[in-house]
Amino acid sequence: MVEIDLSGSVSVVTGGSRGIGRAISLGLAKANSKVAIVYASRTESALKVKEEIASFGGVAQIFQCDVSSENEVEHVINDIVSQFGNIHILVNNAGITKDTLLLRMSESDWDAVLDTNLKGAFLMTKHALKFMMKNSFGRIINIGSIVGITGNIGQANYVASKAGLIGFTKAVALEYGGRNITSNLVAPGYIETEMTEKLPKNIKETFLNKVVLKRAGLPEDIANTVVFLVSPLASYITGGVFVVDGGLSLT
Ligand code: NAP
């Protein structure tokens, strides 16, 4: 296997404290990047990831921030830069669901999901970009979802946010490619995390039966793709949408 070494880099992972984000934080730290773990409220989970990273000699710090608030985002980016000196890699992974059929969906269900999943990525990218521009180097990864490509019943707000992220990823790739800043999106399928744990049993079974590779995805499956995309091996890749779903969206 090719060893990926991200020594000298600073990574920011939103929602880096649990599920897919936790695996991404661990993956980047194992590749020797210093990791800023951004989380919303569960400090215990964030501290656990920081300790796990320290246990193998990696460097990480935790930062509480609601990514949907520009004021908080501006502060957290400045805090990260004062602690770590720079930002090279940004993974916009924080995401929430508020699933229900459209006719029952409240305005607040719509706003909460769009604000965290789409506006959060916009705000984090906007404020991190200032430092990436100075470096003439940046790697931005947005975590979408296959439902942002296929659509899904009961998830109009979530699907719209993830489809929006695809357009956002491409616009950023076009605007900042000339500054050696790449922007790509990873679209996970069905991955075992707390987000999918809360799905009804019959929905879980329907998803699993459709997976061509006959197993649920693991957070590490997504983390491996992210580590590759921010590494020198992927330096010519930008504006891409990478489906990591074990073939789920083929069926
Ligand atoms: P998860 O286990 O529910 O974890 C969500 C993470 O996001 C937590 O660290 C949480 O922090 C953080 N977060 C939530 N709202 C935030 C906010 N406003 N500001 C900052 N951080 C916030 O989720 P997951 O399943 O790992 O999903 C991660 C990403 O992958 C999401 O974007 C999701 O849409 C996407 N995805 C997941 C799947 C799947 O099957 N699991 C499939 C496709 C796409 P706290 O713990 O502090 O609340």
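## Packing of α3 and α4

In this predicted model, helix α3 (residues 70-84) packs against helix α4 (residues 107-135) at an angle of about 35 degrees. The axes of the two helices are 9 Å apart, and their crossing is right-handed.

On the α3 side, the contact is made by E70, V73, E74, I77, N78 and V81. These residues meet L123, M124, K126, H127, A128, K130 and F131 in α4. Sorted by class, the contact of α3 with α4 has 7 nonpolar, 2 polar and 4 charged residues.

For Y158, an N or O atom in the side chain lies 2.5 Å from a ligand oxygen. For N93, the atom belongs to the backbone, and the distance is 2.7 Å. G15 also uses a backbone N or O atom, at 3.3 Å from an oxygen atom of the ligand.

The ligand taken alone exposes 910 Å², and the protein buries 94% of that area.

## The shell around the ligand

Which elements give two or more residues to the shell around the ligand? They are α1 (19-30), α6 (156-176) and α7 (194-197).

There are 29 residues around the ligand, and R18, S41, N93, Y158 and T193 come nearest. By class, the residues of the shell divide into 13 nonpolar, 12 polar and 4 charged.

Terms used. Residues are numbered from 1 along each chain as its sequence is written. This is a predicted model: local features need pLDDT of at least 70, side-chain atom pairs count only at pLDDT 80 or more; totals for chains, interfaces and linings use all residues. Side-chain values use heavy atoms; hydrogens and water are left out. A residue is near a molecule or strand if one of its heavy atoms lies within 4 Å of it. A polar contact is a pair of N or O atoms within 3.5 Å; within protein, one must be able to donate a hydrogen and the other to accept it, and residues adjacent in sequence count only if both atoms are side-chain atoms. Accessible areas come from the Shrake-Rupley method with a 1.4 Å probe; for residues, only the protein chains shown count as cover. Helices (H or I, at least four residues) and strands (E, at least two) are DSSP runs, numbered from the N terminus. Ala, Val, Leu, Ile, Met, Phe, Trp, Tyr, Cys and Pro count as nonpolar, Asp, Glu, Lys and Arg as charged, and the others, Gly among them, as polar. Axes are lines fitted to C-alpha atoms, for helices over the stretch in contact, and angles run from 0 to 180 degrees between N-to-C directions. A crossing is left-handed if the near helix is turned anticlockwise from the far one by less than a right angle, and right-handed if clockwise. Contact means heavy atoms within 4.5 Å.
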